[in-house]
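Have a look at the structure first.

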Amino acid sequence: MSGTASGIGKALAGLLRAQGDEVIGIDLKDADVCADLSTPEGRALAVESVLGMCGGVLDGVVACAGVSTFTTLTVRVNYFGVTAMLEGLRPALAAAPAPRAAVIGSISGTKPAVPEVVRACLDGLEEEAVESGERAVERGDGRMLYPSSKSALAQWLRRVCVTPEWAGCGIPLNAVAPGVVLTPMSDPLFADEEMRKAMDAAVPMPLNGYAEPEVVAEALRWLISPANSHMSGQVVYVDGGAEATLRGPDV
Ligand code: NAI
């Protein structure tokens, strides 16, 4: 599981360990495996280390690591870091009797994206995605890179989940898409009143407001539990009604 040192990943690791599961955490620091998922070398190190520690068999894989900067780091970590980790660990899932996998999307995945970045992500062309992303930053569209990374991730999920490698090996693959969650990632959004107002307009959460990380972790816990035998390819919004507010009833 990635992103276990903070926020949602830390909350999920805590829930799983409390119920007796063994969790191998991956993060930049304060983890069982310290690796940088923004680079191919870091991803390879993470996959190789986890495969060694689990003996080649994993019941579940969850990708929680992510960043929300207005730079191409979002593309490297949120898309390529997640998909490379899942693809690298997939054989160990396929070796388990009842495997499950999940990733974290975002309500931002429904916001305007940079089409060239999304396309290059889905084509597996990291440097091309980053070059297109750098051009977006230069023309002042850096804020569209986070939505681009999450939109591409949701599309990747729906493409691969039904393939022989995933569904054919009995591996459900889903995403939880939060609204605003109270973690170190969202802290800067509360830094000043203007920023907070803009965030509330962009992500309206009529049901119970901002979420604690444990709320999102609980949804992930179900998605990777043995109870989930048939849900796959879904982006489950755990967002206080934000997606329903923004998209309305006609979807
Ligand atoms: P967080 O900042 O508390 O935790 C993210 C974790 O990912 C940190 O421990 C960080 O060290 C790790 N990480 C970042 N870059 C990494 C890298 N290159 N290699 C390895 N680990 C790395 O953030 P939070 O809120 O827990 O975010 C978790 C996921 O939830 C992310 O994918 C984020 O995009 C998503 N999300 C968060 C929302 C929020 O409001 N907090 C809203 C919607 C989605």
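Is aspartate 141 buried, partly exposed or exposed? With a relative accessible area of 24%, aspartate 141 is partly exposed, because buried would mean under 20% and exposed over 50%. Please keep in mind that this is a predicted model.

## A salt bridge with arginine 139

Aspartate 141 pairs with arginine 139 in a salt bridge, and their closest N and O atoms lie 3.2 Å apart. Arginine 139 is partly exposed too, at a relative accessible area of 46%. This bridge belongs to a set, as the structure holds 10 salt bridges.

## The charged network

Let us turn to glutamate 126. Its salt bridge with arginine 43 brings the closest N and O atoms to 2.8 Å from each other. Distant parts of the chain are linked by this pair: glutamate 126 sits in helix α5 (residues 126-138) and arginine 43 in helix α2 (residues 40-54), 83 residues apart. Glutamate 126 is buried, with a relative accessible area of 11%, and arginine 43 is buried as well, at 7%.

Glutamate 126 also meets the side chain of arginine 76 in a salt bridge, at 3.0 Å from N to O. Here again distant parts of the chain are linked, since arginine 76 lies in helix α3 (residues 73-94) and glutamate 126 in helix α5, 50 residues apart. Through shared partners, salt bridges join Arg43, Arg76, Glu126 and Glu127 into one network. As background, side chains of opposite charge can pair when their charged atoms come close.

## Two parallel strands

Strand β3 (residues 60-63) and strand β4 (residues 100-104) run parallel and are joined by four bridges.

## Two positive phi angles

Most residues other than glycine have a negative phi. Which residues go against that here? One of them is aspartate 30, with a positive phi of about 55°. Aspartate 30 belongs to the loop between β1 (26-27) and β2 (33-34) and counts as exposed, at 62% relative accessibility.

Asparagine 208 is another residue with a positive phi, near 65°. Its place is the loop between α7 (193-202) and α8 (213-223), and asparagine 208 is exposed, with a relative accessible area of 71%.

Notes. Residues are numbered from 1 along each chain as its sequence is written. This is a predicted model: local features need pLDDT of at least 70, side-chain atom pairs count only at pLDDT 80 or more; totals for chains, interfaces and linings use all residues. Side-chain values use heavy atoms; hydrogens and water are left out. A salt bridge is a side-chain nitrogen of Lys or Arg within 4 Å of a carboxyl oxygen of Asp or Glu. Buried means under 20% relative accessible area, exposed over 50%, partly exposed in between (1.4 Å probe, protein chains only). Two strands pair if DSSP finds at least two bridges between them.
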